[in-house]
Amino acid sequence: NKGQGIDVASGVLLVRDSVIQDCVGEISGPGMHLAQSTNAQLDGVTFRNNQALGDDKKATMGGHLSSSGTLIVVGDTRFIDGEAYTSGGAVSIISGTATFSGTTFDSNESFSGGAVSVSGGTFSCTDCTFRENVAADRGGALLVAGASADVTITRGKMEGDGTSDQAAYGGGVAVVEGTAVFDGVAFNHLHASERGGALALDDPTNAFTSTVSFTECTFSYNA
């Protein structure tokens, strides 16, 4: 497809046991775009090879999905081989509430936030797997970058391939601004070329406020 596979301006959306793939465009969320007045649930959906193209004049976010509404993701939902020019190779959360459970993010890439970028709203992820996602700049798996961004990751794991860099800053996670809570998360084999193999608390302007906490997390073979 050229343009969004699914574009929802308002209302209720339920997608179950489906595949959304090969959607390409100079837009955010070419696979699926959810506006502020949307209430959506995804159950057992596979997103594959969707690309939010852009350039220096056109920022695009969320290679597979961009959401500003209310989103619940359950079942064996997978985000694979997504790409976004600016941030969120798989998913971009701009505002609203997004709740993910048992989700896999595999081999997505972007300039920042290789798998997920959160610039506002609430993002929670329970028992999720982030595997070999890559960012050229910050946050190989996850970028938290917004005053109202509130992120909670419970259990699950973030892992690299053990050899290549997942990002320059924060091979797993980069927090520029906002709040991030990690409870029982395993950070394994993550590499950064500059600093923060697993996580970088990194505000390049020294103008933002960030809060990060870890409870019963493990960090193994990061560099």
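This is a predicted model: local features need pLDDT of at least 70, side-chain atom pairs count only at pLDDT 80 or more; totals for chains, interfaces and linings use all residues.
Colleague: What makes the chain count as a compact globule?
Modeller: For 223 residues, the rule puts the radius of gyration of a compact globule near 17 Å; the chain has 15 Å, so the value agrees with the rule. The C-alpha trace spans about 40 × 35 × 35 Å along its principal axes.

Colleague: How far apart in sequence are the residues that touch?
Modeller: Taking contacts between residues at least 6 apart in sequence, 83% join residues at least 24 apart.

Colleague: What is the order of the open sheet of eight strands?
Modeller: The order is β2-β5-β9-β13-β17-β20-β23-β27, and the pairing is parallel.

Colleague: Why are β2 and β27 said to stand at the edges?
Modeller: Strands β2 (19–21) and β27 (218–220) each have a single partner strand, so one side of each has no neighbour in the sheet. From one strand to the next, the twist averages 5°.

Colleague: How do you know that β2 and β5 pair?
Modeller: Pairing requires at least two bridges. Strands β2 and β5 (residues 46–48) have three bridges in the parallel sense, so they pair by that definition. As for individual residues, isoleucine 20 has phenylalanine 47 in β5 as its bridge partner.

Colleague: Which strands form the open sheet of five, and where are its edges?
Modeller: That sheet has the order β3-β6-β10-β14-β18, again with parallel pairing. Its edge strands are β3 (24–25) and β18 (134–135), each of which pairs on one side only.

Colleague: What makes β10 and β14 a pair?
Modeller: Strand β10 (residues 83–87) and strand β14 (residues 109–112) run parallel and are joined by three bridges; the cut-off is at least two, so they count as paired. Alanine 84 stands opposite serine 110 in β14.

Colleague: Why is serine 112 called buried?
Modeller: Serine 112, found in strand β14, has a relative accessibility of 8%. Buried means under 20%, so serine 112 qualifies. Setting aside residues up to four places away in sequence, its contacts include Thr86, Ala135, Arg138 and Leu143.

Colleague: Why is the link between cysteine 125 and cysteine 128 called a disulfide?
Modeller: The two sulfur atoms are 2.3 Å apart. The cut-off is within 2.5 Å, so cysteine 125 and cysteine 128 meet the definition. A disulfide is a covalent bond between the sulfur atoms of two cysteines. By this rule the count is one disulfide. The link of cysteine 125 and cysteine 128 is left-handed, with -110° about the S-S bond.

Colleague: Are these two cysteines buried or exposed?
Modeller: Cysteine 125 has a relative accessible area of 1%, and cysteine 128 has 2%. Each value is under 20%, so both residues are buried. Cysteine 23 is buried as well, at 1%.

Colleague: What makes cysteine 217 buried?
Modeller: Its relative accessibility is 17%. Since the limit is under 20%, cysteine 217 counts as buried.

Conventions. Residues are numbered from 1 along each chain as its sequence is written. Side-chain values use heavy atoms; hydrogens and water are left out. Helices (H or I, at least four residues) and strands (E, at least two) are DSSP runs, numbered from the N terminus. Axes are lines fitted to C-alpha atoms, for helices over the stretch in contact, and angles run from 0 to 180 degrees between N-to-C directions. The radius of gyration is taken over C-alpha atoms; the globule rule is 2.2 Å times the number of residues to the power 0.38. Contact means heavy atoms within 4.5 Å. Buried means under 20% relative accessible area, exposed over 50%, partly exposed in between (1.4 Å probe, protein chains only).
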